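Dear colleague,

I am passing this structure on to you, together with some notes to read alongside it.

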Amino acid sequence: LTDGQILILDLLVKTGLAASKGESRRLVQQGGVSVNDEKVGDIFASFTEDQLKAGLVIKKGKKVYHKAVM
């Protein structure tokens with residue numbers, strides 16, 4: 001976490017949903033990522049420590065899900 005937040009690109013790499021930030025950027029720009037059933041279209045979207053403690057369900061495409069918890 002940087003300043004109590006983590007960017008969506010870093011989160012995708014850390015959870016293993018994407019191999020690199022470049023791949024993460026393409027996924028987000030093409031509309032293939034949603035967090036808690038909301039599409040993420042901004043590559044600068046970030047999530048706070050409190051959101052991570054509550055748990056984030058990250059969806060890549062239609063079938064790949066991960067839950068990120070701090």
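Which residues does Val33 touch, if residues up to four places away in sequence are not counted? Please keep in mind throughout that this is a predicted model. In it, Val33 touches Ile8, Leu12, Leu27, Val28, Glu38, Lys39, Val40, Ile58 and Lys59, once those neighbours in sequence are set aside.

Two packed helices are described by the angle between their axes and the distance between the axes. Here the axes of helix H1 (residues 8–15) and helix H2 (residues 21–29) come within 9 Å and cross at roughly 115°, and the crossing of H1 and H2 is right-handed. On the side of H1, the contact is made by Ile8, Leu9, Asp10, Leu12 and Val13, while H2 brings Lys21, Ser24, Arg25 and Val28 to it. Sorted by class, the residues in this contact of H1 with H2 are 5 nonpolar, 1 polar and 3 charged.

Turning to burial, the residues of H1 that are buried are Ile8, Leu9, Leu11 and Leu12. Seen down the axis of H1, these buried residues fall within an arc of 165°, so they line one face of the helix. In H2, the buried residues are Ser24, Leu27 and Val28. They cover an arc of only 95° around the axis, and therefore they lie on the same side of H2. As for what covers the buried residues of H2, this includes H1, E2 and E5.

Is Ser34 buried or exposed? Its relative accessibility is 10%, and because buried means under 20% relative accessible area, Ser34 counts as buried. Not counting residues up to four places away in sequence, Ser34 touches Lys39, Val40, Val57, Ile58 and Lys59.

Finally, I would point you to the loop between E2 and strand E3 (38–39), where Asn36 lies and where Asp37 also has its place. Asn36 has a positive phi of about 50° although it is not a glycine, and phi of Asp37, likewise a residue other than glycine, is positive and near 65°. How exposed is Asn36, and what is its relative accessible area? Asn36 is partly exposed, with a relative accessible area of 38%, whereas Asp37 is exposed, with a relative accessible area of 71%.

With kind regards

Definitions and conventions: Residues numbered from 1 in each chain as written. Predicted model: local features only at pLDDT ≥ 70, side-chain atom pairs only at ≥ 80, totals over all residues. Heavy atoms only, no water. Axes fitted to C-alpha atoms, helices over the stretch in contact; angles between N-to-C directions. Helix = DSSP H or I, 4+ residues; strand = E, 2+ residues; numbered from the N terminus. Left-handed = near helix turned anticlockwise from the far one by under 90°. Contact = heavy atoms within 4.5 Å. Nonpolar A, V, L, I, M, F, W, Y, C, P; charged D, E, K, R; others polar. Buried < 20%, exposed > 50% of the residue type's maximum accessible area, 1.4 Å probe, protein only. Arc of directions from axis to C-beta.
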